[in-house]
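Please read them with the structure open.

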Amino acid sequence: MKEKRKRILMVDDDEDDFFLVNTVLQDVAPDQYEITWASTYDKALEAIGKREHELYLVDYRLGMHTGIDILRHFQEIGYEAPVIMLTGKGDYAIDNEAMIAGATDYLVKGDITGPELERAIRYGITEFKHLRAIAENERKYFGIFEKSHDIIILADCEMNIIDANPNARKKLAHSREELLEMNMRDLFFLDSECKRFMEEICTDDAIVQQEFTFREKSGRKISVLVNANKLDEQLGTFLCVAEDITDKKREELEKRQQEKFVISGRIARVIAHEVRNPLTNIILAVGQFRGEESTNLEDTSLYLDIIERNCTRINQLVTELLQSTRMMELHLLEHDLNNLIDSALSLAMDRLKLNGIKLVEDFTPQPAVITADVEKMNIALLNILINAIEAMTPGKGVLTIHTSVEGKTAMIRITDNGMGIPEENKARLFDPFFTSKTKGTGLGLTSTQNIIINHKGHIQVESILGEGTTFIITLPAN
């Protein structure tokens, strides 16, 4: 039974008071409490430092010190424990001061009875355990909420945001004050997704791992995998935990594209092996045939020109296909990002002027250096620029080029106000031989993507039909 006793330290400079309290307590609750006595302030500090007791009974008068000094000592050493203040007479000022300093309860020695003292001790220990459990849960929640790498948002069924964790503020590029004035509807990129989310979270128990698209402050799309649970039926609050899967989706897309490159490369090698050698023989034969005399030289020359032109065209297609799909050898040097853009723009300047396209350059003032093969990057950027020019109405087009640097990443955004790309064409945009142009080969953007990937970069496309298209290129920055 002894080890089950609750250990109490009584701090009091009067031994009679200690004897009376101990006797009264044992009469009311025998063998339930073990009381230790500290007769001086210094002895009390020594005993408190061992942190061996579940509750402390502290007399207000302790010679040159007071019970308030004991409470302040608890605060100084960061020790939390239930403390009941005892005094010889009732005094509201002392009572109030003790409670502010952290006392659990306040009792007047002359007025307390055995049952009252035992109840105060029992309630003090029990309440402290409950409060400590609550505080521990709060600390765990706070740690998860504050340190989570996911977006965590607390909202009500009117979709008003109640709270948002630091990572939500970082990912969505809003301050906490801005988010608390916002509605969850403001975060969804598509109204249809917002409507579906609201209907499900406010009628069902939970949304488990559904994919949605959020919008950050600048308008950039963020793909998220959402888990949402209703927390309180009466208050109508719910917790939304969203994992940012934008990079993961892009990596999966690039992996699929690389797999296509492998397949396309095999096809290209087959075509090269099976077709190029016969074509070479045809071209040589044509050259010899042209040199021979003929009774109808005009017709012979006409047909020979057709044969030679088509053979050369086929040979060129084979060459372009090989170049667009193979892993290329790069001649890498350090280049200023803005200078690299200017180099590509100079190659497209005639087309821009001819079509009356307005050019808007929004270049970063920060130093931005990337390691690149300038010739290959010119090809990649020029393909995008030409596509943008051809997508815009002559005389009404606006081409905007924005560059920026964030940490170790350089970004290029090339935006036009052209016709936009149909949704069904976006997924096939970088496929070999896919084109919407009547005379296009469908290898330009395939080659562009291959060049960017070879530079350890990424390329993605955002487009709204009838409004325009943005190509976003990210590259490692030095």
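1. Strands β18 and β19 form a hairpin with 3 residues between them, and Gly466 in its turn has a positive phi of about 85 degrees. Helices (H or I, at least four residues) and strands (E, at least two) are DSSP runs, numbered from the N terminus. The two strands run antiparallel and are joined by 7 bridges; strands count as paired if DSSP finds at least two bridges between them. Ser463 stands opposite Thr469 in β19.

2. On provenance: this is a predicted model, in which local features need pLDDT of at least 70 and side-chain atom pairs count only at pLDDT 80 or more, while totals for chains, interfaces and linings use all residues. Residues are numbered from 1 along each chain as its sequence is written, and side-chain values use heavy atoms, with hydrogens and water left out.

3. The chain as a whole has 14 helices and 19 strands. Of its 478 residues, 41% count as buried; buried means under 20% relative accessible area, exposed over 50%, and partly exposed in between (1.4 Å probe, protein chains only). Among contacts (heavy atoms within 4.5 Å) between residues at least 6 apart in sequence, 63% join residues at least 24 apart.

4. Is helix α14 (residues 444–454) largely enclosed or largely open? Of its 11 residues, 10 are buried, so α14 is largely enclosed by the rest of the structure. The buried residues are Leu445, Thr446, Ser447, Thr448, Gln449, Asn450, Ile451, Ile452, Ile453 and Asn454. After the helix comes Lys456, in the loop between α14 and β18. Lys456 is exposed, with a relative accessible area of 69%; its phi is near 60 degrees, a positive value in a residue other than glycine.

5. Ala173 also has a phi near 60 degrees, again positive in a residue other than glycine. Ala173 sits in the loop between α6 (166–172) and α7 (176–180) and is partly exposed, at 33% relative accessible area.

6. Helix α1 (residues 15–28) has Phe18, Val21 and Leu25 as its buried residues. Seen down the helix axis, these fall within an arc of 70 degrees (taken from the directions from the axis to the C-beta atoms), so they line one face of α1. Asp16, Phe19 and Asp27 are exposed on the other side. At the N-terminal end, Asp14 caps α1: one of its side-chain oxygens lies 2.9 Å from the backbone nitrogen of Asp16.

7. Leu239 lies in strand β12 (residues 237–244) and, at 22% relative accessibility, counts as partly exposed. Its C-alpha atom is 6.0 Å from that of Ile153, 86 residues away along the chain. Not counting residues up to four places away in sequence, Leu239 touches Ile152, Ile153, Leu154, Asn227, Ala228, Asn229 and Leu231.

8. Thr213, in strand β10 (residues 206–215), is buried, with a relative accessible area of 16%. With residues up to four places away in sequence left out, Thr213 touches Leu187, Phe188, Phe189, Leu190, Glu193, Lys221 and Ile222.

Key. A polar contact is a pair of N or O atoms within 3.5 Å; within protein, one must be able to donate a hydrogen and the other to accept it, and residues adjacent in sequence count only if both atoms are side-chain atoms.
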